[in-house]
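Open your viewer and get ready to pick out a few parts by chain and residue number. We will go from stop to stop, and each one tells you what to select and what is there.

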Amino acid sequence: MTRKEARFGMWLFLSSELVFFSGFFLLYAVLRFRFMEDFQQASKHMYVFLGFLNTVILLTSSWLMALALHSTRRKKIFFLGGTFFLGLLFLGLKFYEYFLHAKEGIFPGFSVGISEKLNSGQELFMNLYVLGTGLHALHMIFGLIALASLLTLFYFHRDPTPDALERMGLYWHFVDLVWLFLFPLFYLLGVSK
Amino acid sequence: MIKSWLLTRDHKKIAWLYLGTITCFFAIGGLAATLMRLELLTPTEWLVTSDTYNRLFTLHGIIMVWFFLIPSIPNFFGNYLIPLMIGADDVLFPRLNLISWYVFVFGGAVTFYALLRGGVDTGWTFYPPYSTHFSRSFVALAASGVLISGFSSIFTGINFIVTIHYKRAEGMTWGRLPLFVWTHYATSLVMLLATPILAAVLVMICTERIFNIGFFDTTLGGDPILFQHLFWFYSHPAVYIMILPGMGVVSEIVATFCRKPIFGYWFVVWSSLAIALVGFLVWGHHMFVSGQSPYASLIFSFLSMAVAVPSAIKVFNWLATLYKGAISFEAPMLYGLGFIGLFTIGGLTGVFVAALGFDVHVHDTYFVVAHFHYIMVGGAVMAYMGALHLWWPKMTGRMYPENQARLAAVVLFLGFNVTFFPQFILGILGNPRRYHTYPPEFAWLHQISTLGAVLLAVGYIYPLYYLSRSFFKGEKAGKNPWQAGGLEWTTSSPPPEKNFEEPVEVVAGPYALHARKGISP
Amino acid sequence: MISSRSLHLTFAACLLLLLLTTAVAFVDLGAWGLVVNLTISGMKALLIGMIFMELKGDKGLSFFVVVLSFLWPLVLFGFTFADYLSR
């Protein structure tokens, strides 16, 4: 299997992932179209600073990931480790955000009386937010497991092939890209209102 | 021995694993249909309650669509034959191939578990708000099983695309690929681009049901039609996943038993790709009476008529191939001819229902049921049976008994028509689908239909018997019992582990017989 | 081959674009807000795709796959909104 073939296979998989997320984005688009104002209001509940921070973290991890592919062995491990650490940090912040929302009483599915605080449109926004960022977080977790496996291989000196690292990189960048769309769509919606 | 099968990376063994699994699922789905047709013998309830009937038709739909039709030809014949047809020793990602089978089995197990717990009563289409808020059945469980099996589709699609791009033998140009390979390429594109939406929408259904969210619930601000858009964006292309491989099989059968190249090779290629492409643009025709805007319906109606054109082109090409061909009527050819006739009827009735006015009258009636069974059973399953007989000698090294096979094919054809033709009439007369009771004046048509179903069952069970028997008692088959073109016929029956003893070099297309190095006449 | 310099520059550009998109969010642009946001995100996607994911170097095939997989959701969006906008 050549590099070209391995990459092509991963690109095909990523294209299916793109279609998957686009189903979710359609849901967002239609509901936002119906509930424009409610979405803007609900977006005010977002922790924009945390979201911004997380976006920076993820971009940095992508940068490290890209660097890892063009480095010597020691640096590879360092950069991959950095990516892994930043990924964990991202998830940590994300779950902290969820916790804050739950404390506020507006986390869907876990907040009794959410309907008192938010109207239908706003509740739908929160539902979409959790579904979207939740699916994204799930993909991050898969990515972290894969990263951990690669790092473990390095640790035992059974180094993964350059192809494997490339495919990891492609996947990681893709997950970063999805977040780059989620961030403005959920966090920046109500900032100016 | 078990390990060599369960941990195999050989595409041929994986294909056999799939065969075992899908045959079991076919039996389960068929059993559900049997119970349904028995209940429908009388206008009033006699064998099962309405609730049980709902669970039966849901089971039948889910199992037949996702666990039989979609994997049947691609995952058995595609897996087995594509590497052989392109001169490769295996697919490009053999481990992914094995994983896709395990994922399929896991998804099937989850769905089967949902069945054992009592099943689902929403219909295979899972429409909300019933599926999300009112159904007291195992919706999330069944939906999860289907979701999981979808990954098997995606992995298969990826594997076929990369394999066809990068593992073709020396001299195997795109223009020399058998049409079977081309249709699987088109199918793989659809698998890749459509299935993820199914995953997305099933996730939404599950979250809505479990967490009481309102994406599709009008009382909470959502819209059930949004579900239908997402669901059918996948499920319409899914029907092309189910039929395109069958069309590829028919091309191979017709070429073989007419001893002629397929007429208009490139027309057939481009038609296959066009079906895959345009098939994505027509999903709204399932929603004509749902409350969708009439203007959108207009566009979808027009495009649905357009999508019939490439299919028709293929039928014309097959007919042109038959013309002045040296035709013989072995079992595979009988199935192939049956496909052409029945698919044409199914396709034409598809154009009927694509017309807005007509669809308003027959939507949710037996007319639609008959239409899609003509395509799925009269088409896809016939192609499957034809493929089974065409490549049985290659895959097992044994011949099946020809006269018994011909008899079975005729029984299947007759049984099929007796079962489903009356349903066209029932539909036009107004008999709605998914009900276990009906007005008594329709009883005679239902009874004819059930009688047909008995014949149909014989048409399935009989080959199961003689094919299994032929494993042990069948006459040994040579490399090329049909004198067919195609690389798979140049190697032994069954092929060696690495598929070809000598390196393959291709100098001509698969329909130019006797123009290849190393073929034995 | 992608040089380290391009990687650093791409990273910096993405950060800048992020700042831009956040800053713009404070201005009420009405419906154009969405267009601006998506455009900037699209630019980030392009940069990451071409440089980090090395799409620039891949032969046309992978590029074609990416284009196709962007077009397909557009079909989904387009036809669905054709329904919603004309009801």
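This is a predicted model: local features need pLDDT of at least 70, side-chain atom pairs count only at pLDDT 80 or more; totals for chains, interfaces and linings use all residues.

Residues are numbered from 1 along each chain as its sequence is written, and chains are lettered from A and ligands numbered from 1 in the order in which they are written.

**Stop 1: chain C**

Select chain C and colour by secondary structure: there are three helices and zero strands (DSSP runs, with H or I of at least four residues for helices and E of at least two for strands, numbered from the N terminus). Along the sequence the pattern reads α-α-α. Chain C has a radius of gyration of 16 Å, well over the 12 Å from the globule rule for 87 residues, so it is more spread out than a compact globule. That radius is taken over C-alpha atoms, and the rule is 2.2 Å times the number of residues to the power 0.38. Along the principal axes, the C-alpha atoms of chain C fill a box of roughly 50 × 35 × 10 Å. Buried residues account for 30% of the 87 residues in chain C (buried means 20 or more other C-beta atoms within 10 Å of a residue's own, with C-beta atoms placed from the backbone).

**Stop 2: where chain A meets chain C**

Now show chain A too. Here 32 residues of chain A are in contact with 33 residues of chain C (C-beta atoms, placed from the backbone, within 7 Å). On the chain A side, select helix 1 (3–34), helix 3 (48–68) and helix 7 (162–187), which each give two or more residues. Helix 1 of chain A has the largest share, 12 residues.

**Stop 3: where chain B meets chain A**

Next, bring in chain B, where 25 residues are in contact with 24 residues of chain A. Helix 6 (139–166), helix 7 (179–211) and helix 8 (224–258) of chain B each give two or more residues to this side. Helix 7 of chain B gives the most, with 10 residues.

**Stop 4: a bent helix in chain B**

Finally, select residues 366–396 of chain B, which form helix 13. Where does helix 13 of chain B bend? Centre on Leu390(B), where the bend is about 40 degrees, and find Pro393(B), a proline that follows within four residues. The bend is the angle between axes fitted to the seven residues ending at a residue and the seven starting there. Because 29 of its 31 residues are buried, helix 13 of chain B is largely enclosed by the rest of the structure. Just after this helix, Gly397(B) has a positive phi of about 75 degrees.

Key:
Two residues are in contact if their C-beta atoms, placed from the backbone, lie within 7 Å. A residue is buried if 20 or more other C-beta atoms lie within 10 Å of its own, exposed if 12 or fewer, and partly exposed in between; C-beta atoms are placed from the backbone.
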